[in-house]
Structure formats: C-alpha cells, structure tokens
Amino acid sequence: MGEDKVAVYIPKDLYEEIKKRVDLSGGEFKNVEEYVEFVLREIVKEEEEEEFEYTPEEEEKIKERLRGLGYL
Amino acid sequence: MVDCIVVVSYLKVILVGVDGATYWVIRELLPRLKGFNKLTEEGVVCGLRTTLPPLSSCAWASIYTGVRPSRHGLFDFVGIGNDYGVHGMGFVNALRYPVFWSLLGKFGFRSVVVNPPMIYPAFKVNGVLVSGWPSPKLSVYPSRFGKILREVGYRIDVDGLEGRFRKDPDGTVDDLVEVAKVRGEACFRLSEELGNWDLMFPVFTICDRIQHFALGRNGWRKWVLKAYRVVDEFIQRALRLLRDEDEGLLFIVSDHGFQPIRKTFLVNSWLVKKGFAKLRYSHFRSLIREYIVNGISLRTIYWGASHKRLASLVGKINNLFLGGAPKRGRFSINDFVLRKTLAFASGTISPATFIWINDDRFRYFAIKRSKKNLVKEKLIDALLDIKDGSKENIVRDVVDVENLYDENGQSNLVSPDLMVIANNEYTIDPWYVSSSYVVSPSVYRHGDHSFEGVFAAAGPSVNRLRDFDFCGVLDIAPTILNLFNIDTPPWMDGISLIDPDLLLKSRLKNSLKIKVKIIERKMRGTSRK
C-alpha cells in the first residue's frame, strides 16, 4: 500500500463477492482494491454534481425573454 | 443487466439542432438549399414526431434525455403555484435524468455543445458547454472558452422580438441572421480550440423566431428562406468536415415543426363566457385600452418614454384604482374572481395549453378536490364541442393530464388537470381576454408550432442506420449513444435508429456497466424536488 493511502475495512462476504467480479473482469481490474477505488470514485463524482437555484432577478430575466417572444 | 460495449472511437458526430425546423417548409425551399439537398440525395430526411405539448422546453428535454415529458416533468416554460403565481419550471439541469452528452462524457467522449435550449448554467462536461436560450446570462464551461465567444461577438438571442418585428421586420431578420452566423462560427472555433472532439452539437433558434412571425403572411418565403439558408451554410461546412473521416455522421434534429396560424383561441375568454370562470372587469382600464392605448401612442401621454419615473407612477395609479381585467387585452390570473372561478388556463401560448381546476390545492379554491371530476367531464365535453362559426371544431383533443404531469420538477407548482390541443391552424392564448374567444393572430403568432419537426442524417456512417420513414424526438439520445457503442440506458423511452447488427462490438467493459448502475442508483435516490 502506498504512503498516500489508508486502510478501510469491509465485510469479508462483500470482499469475496467483489473478488469474484474482479476475476470475471478479464483483467480489467487487477485486484479488489482497484475495483473498490473505481466504484467509490464514480459515486463521489456523481454526488459532487452541484445543485443550482435561480435568483429572483434571473427568473424575471427568463420571463422577460419569454415575453419578448410573445410566449407569455 | 446493462451491457455497455465500446470501441476506441474514431467516429465524429455533428448533431445540428434547429429549433422549429419543419419538414414541409424544407421540401418547399429545397431547390434553394444546397446542404439540405445533399442530405436528401445522400442520406435520409423524414418527419420527426415531437412531444405533447409541442413546446421547445418539453421537446428539447426529451431530445437530451430520451425520456417522455410525463417522466422528465418539464412540460412547459412556466407553471402555477398554489398562490396563482406564475413561476418558471426550471431548466433541464434540475431534471433527474442525465443528458446524452453527459453520458458520453462519462465514457470518455468529448463534446462541444453550443446553445442547447433550457440548459443553464453551463455545467461540468467532458468538452465545452455554452448555455442555451432562455439563459438569463451567458454561461460557459470551462470559463476559459468565454474568450472565443467574446471575440466572435456571441449573443444568446435577439431580445424583444415581438416589438421589433412590428417596427422593422427586415432589420430584425437580418439581426437574427447575424446572431445565427456567429453561433455557427463560435461552434467551429470552440471545436478547433478543444481539438479531438467526438460530438459537435450546436442549436440554432433562427427558424423558430422567423417562422413565428412570417408563416401565414404574404411573402413569407423571403424571410423564412434567410433563416434556413444560415443553417444550410453550416450544414455544408459540417459535411465538408466529415468528408475526410472514415466514420462520421451529421444529424439534423428539430424540437417541433411549424404551421401557419389563421385564428387564436382565447381559452380563458371562453371559460368566462361558459360560466367556468368569472373576471373582475375594469371599465376604466378597458376605456384606457380601447381609446388611448390603441388610439394615440401611450408614450405621448406619459410625456415620453424616457420619463420612467412618471411612467412608473402612472402604472402604480393604474394598479391601485383601475385594477382588474380589461374588456380586451392582457390580464393575469389574479384578475379572476377566484372564489367563483372553477377552472382557468395558463401556460405558454401554443397549439396546446393547460387548464387547472381551481380546487383546494389552491389558496382561493372554488371547489373541493373530491368534486372536481364532474367539472372536468363538463369541461371536456364543452371544449370538444366548440365551433368557430358553425363549422370548424377549434379543439382537436382534450387530455386528462392530472396524473400524467404530476411530477413537475418543483414542489411549489400545482399540476394541471387538462391539456387542450387545438386543431390545425389554431393557436391557444391563455393570457388575453376579449368579448370574442376566437380572434386573429397577434404580430408574433402568424406561425406557431406543429407536431411534425424534421430529422435528417448523412455522412460516411449513414449505412449504420436502420430503415425507417418516421421517428421521434425520444429516439435521438439512444441513437447518439448507440453510435458510440453505448447501449440504450434502461430509463430511456426512445428507440435507437442504429441497426443493431451494425454495432461495432469489440470488448465488454465492466467499468462502464458500473458507471451506468451508479447513475441509475442516483436517479432512483433522487427525491422529487
């Protein structure tokens, strides 16, 4: 394990399940650690996607654009 | 189990979005459009079925996500709150379903996306994203690409079109042409700067703008041809770009079609006339509108338009003492006597609009929810029976959408109950009141949306498409993904146009399966906002 990594414990049955998938991946994942890291990175990326709220000024500008086209 | 199959891609796809591009208009102008001609000769051109209602917000959201409006929930530009306030329905960014270029990005493909309607702000993508109409301001990801947009003089749109067309139609068309040319140039410049792009996806709005104004008028071709020619020039340049590629496809996709409009159905005026709604009329306001606003220019009375404080004061006096709906003119839902209004209409002016039953979901309701079915039934029968004069039916269909559009993206909005769909050559205006409920179209409504847009495809990989003579907006996202050998995700409603036997199968990547599963999990976990 490299210096920039830390140990995380997972249940043994989960480890075994992942190991089976690693074996079936045909070399795409070298070991359980690589598989777990990949999955966690993907989940973190998804969670990071930001939520956005419009200000009242922005909402008014949007309506103005719609009115300008005769939509409202 | 979702199987995702990828190959190392050398494919380039150019998807040209053309808001409002219409199959029958293209056929009519075809001899003067070289690019479209080439598409007809070397590829496929056909009609494209849009969404219900046929609105840009709704249809583009379905194009990007491959999901039906009843599931993505963006069925209009605006919705109604329980206080009768008109609120924006939000942008595609807030939907739980990912857009196809985000999915491509997750699989390593790079996109240049310019002006996709209903995308704001620009979010993180693998490539470049320039926010689309009706963005309150321009937003670009990554922001360093904003320099190129400033250099070419990029604009989101031409503002205040209804008023501008009234004063100077030719000048307004020329301005729209300029905005569209710059958009095309910006797209090529951004692609060059990014390098190694896989998907280029610009959306042009010029055909929509000019057809709204011009269709149905004498000499419409003069104006409309200018709109299609700008797009045609982009198509020719894009086809030249693909000429040297081994694998490549150019698609043309519109969100809806267009039709000339002969009459406007004032649905709220009809509801008042039939006793479903009651308006708080103001005779003073009517008099002002009838004899001053429509006669002498109001600006003269207000001592010049530059005196904004005076105009604002007059406006406040008008609201204080002359409030209420005019006999003829624009009005708001608050001009109804709400406790005596069983139903009212709202939404974007288009050939399909929505009716709400004023039940106890609203603050000043007129009927309990448990009793509203009777009102609905009466309304449906009466709407389907409306005649313009003695012959033509105005309404083609009325759909009970109470349960269909119950997921509208924002919890502060109340779901509509009925969707009214007008017959050909009619549009529906819920914002105008008059003693007559069928009137001539306004300046900006001589043309309005129809249900048949256009789909076209050409390029070296055109033989990968299966045989079809019609398709729908829902089919675009799965088709683009399949082209890049990503299987159609299970949440999509559309069907890919790619021949399944011509998928370039090579190796199965487990990591891609995991990515799709994570996205699915996130969507299941997203609660209604």
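**Reading a predicted two-chain model**

Modeller: Just after helix α8 of chain B, residue B:G195 takes a positive phi of about 70 degrees. This is a predicted model, in which local features need pLDDT of at least 70 and side-chain atom pairs count only at pLDDT 80 or more, while totals for chains, interfaces and linings use all residues. Residues are numbered from 1 along each chain as its sequence is written, chains are lettered from A and ligands numbered from 1 in the order in which they are written, and side-chain values use heavy atoms, with hydrogens and water left out.

Biologist: What makes residues 169–194 of chain B a helix, and what span is expected for α8?

Modeller: A helix is a DSSP run of H or I with at least four residues, strands being runs of E with at least two, both numbered from the N terminus. Helix α8 of chain B has 26 residues, and the expected span is 1.5 Å times one less than the number of residues. From first C-alpha to last, α8 reaches 38 Å, close to the 38 Å expected.

Biologist: Why is B:S57 called buried?

Modeller: Buried means under 20% relative accessible area, exposed over 50%, and partly exposed in between, with a 1.4 Å probe and protein chains only. The relative accessible area of B:S57 is 0%, so B:S57 is buried. This residue lies in helix α3 of chain B, residues 56–65, and, leaving aside residues up to four places away in sequence, touches B:L74, B:D76, B:F77 and B:M118, where contact means heavy atoms within 4.5 Å.

Biologist: Why does B:G163 count as partly exposed?

Modeller: B:G163 has 33% relative accessibility, and therefore counts as partly exposed.

Biologist: What makes the meeting of A:E58 and B:K137 a salt bridge?

Modeller: A salt bridge is a side-chain nitrogen of Lys or Arg within 4 Å of a carboxyl oxygen of Asp or Glu. The side chains of A:E58 and B:K137 are 3.5 Å apart, N to O, which means that they meet the rule. The elements giving two or more residues to the side of chain A that touches chain B are α2 (32–48) and α3 (56–68) of chain A, and α3 of chain A gives the most, with nine residues.

Biologist: How many salt bridges are counted between chain A and chain B?

Modeller: The count between chain A and chain B is two, and 29 residues of chain A are in contact with 41 residues of chain B.
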